[in-house]
Amino acid sequence: MRQNLPDDTLRQRLPIVIAGLLLVSMLLMLRLVSFQFQLDPAVTSYLESVRESGYRRTLRQAAVRGNIFDRDLQALAVNSLEYRVGISPNLVSRPRETAIRLAGIMGLDELDTFNRITSEVPWVLLSARVSAEQGRQVAELDLLGVTIEARPRRYYPQGSMAAQVVGFVGGDMQGYYGVEGFYDGQLAGREQEQMLSNIPFDVPEDRDEDRGSDIVLTIDREIQHLAESELENSVAQTNAARGNILVMDPRSGELLAMASWPTFDPNAWYEIRDDTLLQNAAINDLFEPGSLMQALTLAIALESGAFEIEDTYVDRGYIEAGGVQVQNWDRKAHGVVDLTTILVESLNVGAATVSMQMGPATFYSGLREFGIGEPTGIDLQGESPGILFVPGDEDYNDSLLLTNSFGQGVAVTPLQILAAYSAIANDGLMMQPHVFRRLLDGDEVRESSPSTLGRPISSATARQVTEMMVTALREGMGGRADLPGYTVAGTAGTAQVPTTLGYEAGTSIVSFIGFLPADDPRAIVFIRLDHPNEYWGAAVAGPIFQRMAQRLVILMNIPSDDVRRELVAAGGAVEAIQH
Amino acid sequence: MRQGVLFEHALRRSWRRQRQAVVLALLGLLLAVIVGALVYLSQAALDATTGRQLESLIAERNDIEQLNESLRAEIASLRSVPRLLQRAGELGFRLANPEDIDYVVVDQYDPRQTAVAPQIYAQLGTPAPDYDETLAGWLQQQLDAFNRQPEPLEGE
């Protein structure tokens, strides 16, 4: 019919159709343009978010964690990668061969791997933790269906060395315990946001370098290794249940070694079932210090001015007060003895007599000055304050004045008692124990500066007590803790093991604290073993100190007394550990 | 009548010239738009290619950084104390005793003194970078980029 329309009619109607189409197009165009300017803001925002989610997405990434080094910049904690390997069974054409090859590389059971590969599931995990080397080998196989996902991992190249000092990083990449926990904020850095875009014209933004800060510790890994190997051998030889060895520079409060046994491997923290292993026993474990407390009692007595070093008392072998009777370890009377002899012979009666004469106010004030019953404030997670009951406390009774003087009825951490003795070694000044030495944040370096915890005793008192400790080590230990050529100050402790029913018979906690050279101490060493097969501290811990001291003078460049005095007289100066 | 025809012819000639000028102008405009569009397209393609290459380089750099971290970890592991002690023992070394060590006085040496590094004097004035680009060179560069076939990228 349309073919029969006359040309004129077509010519007349065509402009109308064109005009109509143009009008409709214009309207559509106008409507389209109106979307740009007249949309509801909520709708605009929604549409923009839809557009952005289609093409761009924001990825939140953790910054690269800072490393941890010992004082010589030997790595204690670094970053590495591990892989998570899975497979899509329906994409595997030769399951038997695939299973053999994958199991061989990843150390898996071949049959189990084959069963997984032939399972009916769309995807199956083969191994959640595969090393970087194994991951690379699996990737090189280029097998269809195998998925390899890289995951950041914290790696501790020294294994279990200083594990309880360093702590560990969990699966959530957060630091737990030790330095990892305490300095988590500095090590972790700031989380970063990265924009990922599918639009080819978007030039990818390069993330600014924002890794966590590196931390350099005061720990010397050679001294740490010495302490750990000596502790491990001693525990094995004495069948002890646990133990600690700590080495500190008393002049600065820098911890050079902090060894505890048992310990754990931070590379396999997830295999630990006993949570107490993760805690640093040197700052967390409480024990009765026993005779180690006697030197502090004598120091407080001398500092109070109520006693002179030559003062004597008559030792009858026992003393009674507050409803308890205190006896000497040998249950003997020692007659007229002076203060030094109390330390040499480790006389409980002597210590109790001194504390009785001082009175509770002076005695407990002195103990507080030494930091007993308070955390030292070391920069590690999980420090315990210890236990010290003082007059006015609900659990205090008069007998504690006697028993506390020789280390019963009071509980301390290894670090607490070490810090207290460091005041004696450092002319009466107690330094803040710490493990942080330096923070490296890009080009910025922040050094730690030594700080003090107080001055519990004067320099004169410190020298007197040091002399007493030198005599105690020389005369009271039968040469078991001596070091030829060096003047060493030291004292041993033997404590009974408290239980809920009283003290456990036939077993003890042995300990020893010594420092050298006595007149210019560079290192103070604390040793403790629980339940060793020998009872007395001098017999068990003395020789351990002796072996430690023999190695320490070499590792710390400490010459013998004669050589040191000769060097100083010739105008030289000897410094320990210059790094 | 003839005058009317002549007038009409003259008018048409004039329109034709005007129309030709308009058409030429439009053609010129069209050509300019096409050239502009091509330049824009070339530049956009170049941007996109550079962006993908940059992305690839960033990924490569990140991989290398991760590899470096792994190598550092391996080095640290190889330098652990038990391993060094074992290796030293194999090489015939033994632990020193205190009496094996001799201390000597070094004249005028004080270990407590602070070491001062020699100062490095920076050259005064920074030399200005050389710019040797020309407009012709830039145009040639754009032309080369336009003609260049897109390179296959890793991971695509």
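Good morning. I begin with one pair of strands: S20(A) and S21(A) run antiparallel and are paired over eleven bridges. The model I am presenting is a predicted one. Within this pair, Gly493(A) has Ser511(A) of S21(A) as its bridge partner.

Let us follow the chain onward. Strand S21(A) is joined to S22(A) by eight bridges, again in the antiparallel sense. Here Leu516(A) faces Ala523(A), which belongs to S22(A). A hairpin makes this link as well, passing through six residues.

These strands belong to an open sheet of five, whose order in chain A is S11-S10-S22-S21-S20, with antiparallel pairing. Which strands stand at the edges of the sheet? They are S11, residues 254-261, and S20, residues 489-499, both of chain A; each has a single partner strand, so one side of each has no neighbour in the sheet. On average, and ignoring direction, neighbouring strands here are turned by 10° against each other.

Helix H9 of chain A, residues 221-238, lies across S10, S11 and S22, and runs at about 30° to S11(A). Helix H16 of chain A, residues 414-425, lies across S10, S21 and S22, and its direction is at about 150° to S22(A).

Helix H3, residues 95-106, packs with helix H5, residues 132-141, both in chain A; their axes are 9 Å apart and the angle is about 160°. That angle makes H3(A) roughly antiparallel to H5(A). Their crossing is right-handed. Which residues make the contact? From H3(A) they are Arg101(A), Leu102(A), Ile105(A) and Met106(A), and from H5(A) they are Gln134(A), Gln137(A), Val138(A) and Leu141(A). Of the residues in this contact, five are nonpolar, two polar and one charged.

Finally, the chain as a whole. Chain A contains 19 helices and 22 strands. Its radius of gyration is 36 Å, well over the 25 Å given by the globule rule for 579 residues, and chain A is therefore more spread out than a compact globule. The C-alpha trace of chain A spans about 145 × 60 × 60 Å along its principal axes.

Thank you for your attention.

Terms used:
Residues are numbered from 1 along each chain as its sequence is written. Chains are lettered from A and ligands numbered from 1 in the order in which they are written. This is a predicted model: local features need pLDDT of at least 70, side-chain atom pairs count only at pLDDT 80 or more; totals for chains, interfaces and linings use all residues. Axes are lines fitted to C-alpha atoms, for helices over the stretch in contact, and angles run from 0 to 180 degrees between N-to-C directions. Helices (H or I, at least four residues) and strands (E, at least two) are DSSP runs, numbered from the N terminus. Angles under 35 degrees count as roughly parallel, over 145 as roughly antiparallel, 65 to 115 as roughly perpendicular and the rest as oblique. A crossing is left-handed if the near helix is turned anticlockwise from the far one by less than a right angle, and right-handed if clockwise. Two residues are in contact if their C-beta atoms, placed from the backbone, lie within 7 Å. Ala, Val, Leu, Ile, Met, Phe, Trp, Tyr, Cys and Pro count as nonpolar, Asp, Glu, Lys and Arg as charged, and the others, Gly among them, as polar. Two strands pair if DSSP finds at least two bridges between them. The radius of gyration is taken over C-alpha atoms; the globule rule is 2.2 Å times the number of residues to the power 0.38.
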